[in-house]
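Work through these exercises with the sequence and the 3D structure open. Try each task before you read its solution.

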Amino acid sequence: MTDKTEGGDVRLSGISKHYGTFTAVHPLDLTVPQGSFFALLGASGCGKTTTLRMIAGLEEPSTGTVHLGDREVTHLPPYKRPVNTVFQSYALFPHLSIFENIAFGLRRRGIKSVKKQVEEMLELVQLGQFAQRKPHQLSGGQQQRVAVARALINHPQVLLLDEPLGALDLKLRRQMQLELKRIQTEVGITFVHVTHDQEEAMTMADTVAVMNGGRVEQLGAPAELYENPRTTFVANFLGTSNLIEASVESAGSDVVVSASGTTLRLPATRCSTTPRAGGKLLVGVRPEKVSLVPAEEENAIAAGRNKITGRIAASSFIGVSTQFVVDSPVCAELEVYVQNIERDARLVPGAEVVLHWNPEHTFGLDAAQDMEAGIETVEESA
Amino acid sequence: MRTPLTWLRRNLVVIAGLGTLAYMILPNVVVTVFSFNNPSGRFNYAWQEFSLDAWKDPCGVADMCGSLGLSLQIALWSTLAATALGTAIAFALVRYRFRARGAVNSLIFLPMAMPEIVMAASLLALFLNMGIQLGFWTILIAHIMFCLSFVVAAVKARVLSMDPRLEEAARDLYAGPVQTFLRVTLPIAAPGIAAGALLSFALSFDDFIITNFNSGNTVTFPMFVWGSAQRGTPVQINVIGTAMFVIAVLVVLAGQMVGNRRKKAQPK
Amino acid sequence: MTATAAPPQAPAPAGPPVHKPSVRKRLVPYWLLLPGILWLLVFFVLPMVYQASTSVQTGSLEEGFEVTWHFRTYWDALTEYLPQFLRSLLYAGTATALCLLLGYPLAYLIAFKAGRWRGLLLVLVIAPFFTSFLIRTLAWKTILADGGPVVGALNAVGFLDVTSWLGMTEGDRVLATPLAVVCGLTYNFLPFMILPLYSSLERIDTRLHEAAGDLYARPATVFRKVTFPLSMPGVVSGTLLTFIPASGDYVNAELLGSTDTRMIGNVIQSQYLRILDYPTAAALSFILMAIVLIMVTIYIRRAGTEDLV
């Protein structure tokens, strides 16, 4: 089925999907390079699963084309595509044994002697002794591995994973993330992974496409997305961001902004829009980049750092770090994560404090966006 | 304090429930006991003396076993037809979006929400007006008609609870439409189809009212019993009734036992 | 990076053509529906039309019938057979109430208290189905026979005094009285009440009982406030499955009753099959259908459960 000598890129050109008047996916161009681990990340209803299903052939795109390598597959039914899917909640055939589930694809393609291949596959996912069981006799994690094995045995050009870990508990999920990553490295097949869990996407994928409202908001390596979000949605959906609405004082290679009398700086290269003096800018900083000192130690802060004064509203101790919420005239509810190296007994709710951070760690976003985008929609990851 | 009264109050549900069960089983007991009767007159309503005559010669009454065979034949054919037609409708209703869904749903529901006699009478009106000879075929047509809705309801319930992703998974794993249906859809929907078929068989085999109107001179087993209630009830009727009861209970119990054993055999 | 997101505002003007699902695919559901729906149209709907036309015909068997739009048949039929209509509704209603009263404890017992006996009890509820209901109904002739032990016992505890005061029995007899007919109807349709009740009771999470008990509800209150409301779907479909067939039944009235207990089903049956007055018979069965449909609709509306099928 697979011909690895051909270019195995998945190429989507202008594909979109409408259901009546509702647009699930806006026209979208996307290329997934062969052999990569690609994640489509977004909240439920953002179009990520629809995009995946269009690659699988389970949904016909309203417009546009899908290419696998040089071959156009837009109108091929799923059973004629060299693409296999690991379904959400697995969709294992309840009436067939684990062995027959895994052999299903081979048998449909008319392969007679499947025993050896299936046994090898069972070994790969470490389920050798379960071959004759029925799916409902396995645990969630085992079922998940069967679903992966059932798809991989066909050596697809692309493996599609639709929230494959969504039904597992947190600990098992972490374990399966590493397992999937191992399998992907071992077999070298392109993985396209749909998830709403930003941590999962960042842990596993080489490239992440963040989707929102049927569009790709931003696409890149996990670290790049995290450090340089280009929209408020990405800033809020991936991790947490403190966003401060500020007006631009001057815009050179260093941008100077002010908010409620406090002056902040950031490099122009870290702005996703071109700031103009007199205009507005959303200034952002990640909570773990910020340091926190009691107000009386303000003088000890090195020159050139961005500083904000405020008062601790709440603090919660979570082991590796302490998370503070600081109220400040500049911005209500600034979040700060402080590593628990030496705990300062003065940092308690009600204390006056100064927040400071390296201007290099500041990013600027277009102020014409919803500051709250991506916050409410984040689902619990547990 | 445990007085008889509190005991009674605690077990009221059990006592009432078992009382109802007794009420439901009593006629079967009577049918069984009177299959060993040797009645004095034509009617087998009063106990005379113990006899095995009827059991030794179950087909000793003219036409009875013939009518039984006819009923089985009609039940078999109407089950086959109603199951095939009803399963197709159930799949269309669950798996596809189309115009007139509401109308189709109502059309399926109406035969179940109507006194049987209304359908029986209107079918007779059709056959009379069209000048169709009443008999085997009119009975079969009528039975397929009223069994159809029950099959749709049974299969629909099963298909509704079936994960549509299973079929997608089959298609994703190189099974074409026919293969997907044969290898995945049909095996998973089978219990619902079987339930619908069993119900059809029971309904058709035991149907009286619609058959009464549309059978002409053809005599099914319920028609035979009805007629004998006027002319005289042979003991053999009770023999057949008892045998049917025993066979049914044994089959169901065996089925349950197999099911239980299978459940126990599954390690987890 | 080889990937780019399309500019969001691009509406793909002269872009790729819009794909539509093929005509063949869209016709699939209609092909699936066709045979069964055709069957129902020809043998369920069309007969109704024929019956409607029959009901407004006049004539006689010898001269043939003709459509004369004689709607008076309806009025005449209704007034002439009003007692039988009322009797049918009364008997069917009483039998339905009795089925609910008798069936609920048994359904409850099977759902919550039966433990490992559950399977056996369910079999015993269903098993009578497999013996022809006519044979079983005839057995009631033996059970309720004059001077038999059952009638004797009912007489001894004064039950027959109560029923004869209610007008349901006469003297020492049960057979050939309204009580016998109602008893037969109740017996015949009990499984249709118990099975839906059981299936809706069985779905109730028993922890709800515990939660209600934890929140200071006494057992009777738990039943009234939690169990019974949650079993409403079963109550509604059970009463419908009992009342609808019972209202059109004529078997019990014929086998266990007398000429004084004739129900509307008996009238329709004899008009169609013996007297051969087709217009009156057709009108009667339409009136019965209308009454049942109206009552069922009102009942479903008031019970608030419309998803019965």
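This is a predicted model: local features need pLDDT of at least 70, side-chain atom pairs count only at pLDDT 80 or more; totals for chains, interfaces and linings use all residues.

**Exercise 1. Describe residues 235–258 of chain B: what are the helix and strand contents, and how far apart are the ends?**

Step 1. Residues 235–258 of chain B are 100% helix and 0% strand. Helices (H or I, at least four residues) and strands (E, at least two) are DSSP runs, numbered from the N terminus.
Step 2. The end C-alpha atoms of this span lie 35 Å apart.
Step 3. Turn to residues 134–155 of chain B: here the chain is 91% helix and 0% strand, with end C-alpha atoms 31 Å apart.

Residues are numbered from 1 along each chain as its sequence is written, while chains are lettered from A and ligands numbered from 1 in the order in which they are written.

**Exercise 2. Which residues of helix α11 of chain B are buried?**

Step 1. Helix α11 of chain B covers residues 221–231.
Step 2. Its buried residues include Phe221(B), Pro222(B), Met223(B) and Phe224(B). Val225(B), Trp226(B) and Ser228(B) are buried too. (Buried: 20 or more other C-beta atoms, placed from the backbone, within 10 Å of the residue's own; exposed: 12 or fewer; partly exposed: in between.)
Step 3. Just after α11(B), Gly232(B) takes a positive phi of about 135°.

**Exercise 3. How many residues of chain C are in contact with chain B?**

Step 1. Count both sides: 66 residues of chain C are in contact with 69 residues of chain B. (Contact: C-beta atoms, placed from the backbone, within 7 Å.)
Step 2. Helix α1 of chain C (residues 23–55) gives the largest share of the chain C side, 18 residues.

**Exercise 4. How do strands β17 and β18 of chain A run?**

Step 1. Strands β17 (residues 321–327) and β18 (residues 334–339) of chain A run antiparallel, joined by 6 bridges. (Strands pair if DSSP finds at least two bridges between them.)
Step 2. Val325(A) stands opposite Glu335(A) in β18(A).
Step 3. The hairpin has 6 residues between the strands, and Glu333(A) takes a positive phi near 55°.

Methods:
Two residues are in contact if their C-beta atoms, placed from the backbone, lie within 7 Å.
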